[in-house]
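Hi everyone, thanks for coming. I'd like to walk you through one model today, starting with its charged pairs and then turning to its nonpolar cores.

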Amino acid sequence: YESYNHRSAAIENYEIVADTFDSNLDFSHPYALNAHAKLVGLYEKKGESDKATEHCRAIGKMKPWSDDQEPEPLYRVNPDYPVSYARRGKDGSAVLSFTIDDEGFVRDIELIETDGGIMFGTAAIKALEHWRYAPRFVGGNAVATKSRMVRMDFKLG
């Protein structure tokens, strides 16, 4: 359903998968993780961030496959190209620092540098605010990950 852009049907089926595994197993299953991860993206695309948040939290409560795991991206949006820069043919980039909290939310975004204009930094921050991750696990527990870095490039085709 998802590949045919039938979001409602895809959500309904992923919810069934997630609920079935979450309710019937005393351990975390990769299918449950996948279902929750897909639901994060589908709900975000529908503009239902609260429901996406529920699935981020469910992932944060899962038992990891290994006691120590790095954060994994679940949902990303591309930044909007600043229109005034596009009209002038400007390319650029922005480098950002951020924290991924123990529920997979991006926090404490800091603009480190921009190339080509400050509006690239503003657009990058707005996009990064919507990114979601499966959190980092240390000793089997979800923990925050500080000082992550990302560079977003803005290039005209």
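So, this is a predicted model, and the salt-bridge count comes to nine. Let me pick out a few of them.

Take Arg-57 and Glu-103, whose side chains meet at 2.9 Å, N to O. This pair ties together distant parts of the chain: Arg-57 sits in helix 3 (residues 49–61), while Glu-103 belongs to the loop between strand 2 and strand 3 (106–115), 46 residues apart. How accessible are the two partners? Arg-57 is partly exposed at 39% relative accessible area, and Glu-103 is partly exposed too, at 25%.

Next, Asp-101 pairs with Arg-107, with the closest N and O atoms 3.2 Å apart. Here Asp-101 has a relative accessible area of 13%, so with the cut-off at under 20% it counts as buried.

Asp-153 is partly exposed, at 46%. Elsewhere, shared partners join Lys-46, Glu-48 and Lys-51 into one salt-bridge network.

Now for the nonpolar side. The largest core holds 15 residues, and Phe-98, Leu-128, Trp-131, Val-150 and Met-152 have the most contacts inside it. Strand 2 (92–100), helix 5 (118–128) and strand 7 (145–154) each contribute at least two of its residues.

What does Met-152 touch, beyond its neighbours within four places in sequence? Its contacts are Pro-79, Gly-92, Ser-93, Ala-94, Leu-96, Ala-124, Leu-128 and Trp-131. Apart from this core lies another, of 13 residues, including Ala-10, Ile-11, Val-40 and Tyr-43.

Key: Residues are numbered from 1 along each chain as its sequence is written. This is a predicted model: local features need pLDDT of at least 70, side-chain atom pairs count only at pLDDT 80 or more; totals for chains, interfaces and linings use all residues. Side-chain values use heavy atoms; hydrogens and water are left out. A nonpolar core is a set of buried Ala, Val, Leu, Ile, Met, Phe, Trp, Tyr and Cys residues joined through side-chain atoms within 4.5 Å. Buried means under 20% relative accessible area, exposed over 50%, partly exposed in between (1.4 Å probe, protein chains only). Helices (H or I, at least four residues) and strands (E, at least two) are DSSP runs, numbered from the N terminus. Contact means heavy atoms within 4.5 Å. A salt bridge is a side-chain nitrogen of Lys or Arg within 4 Å of a carboxyl oxygen of Asp or Glu.
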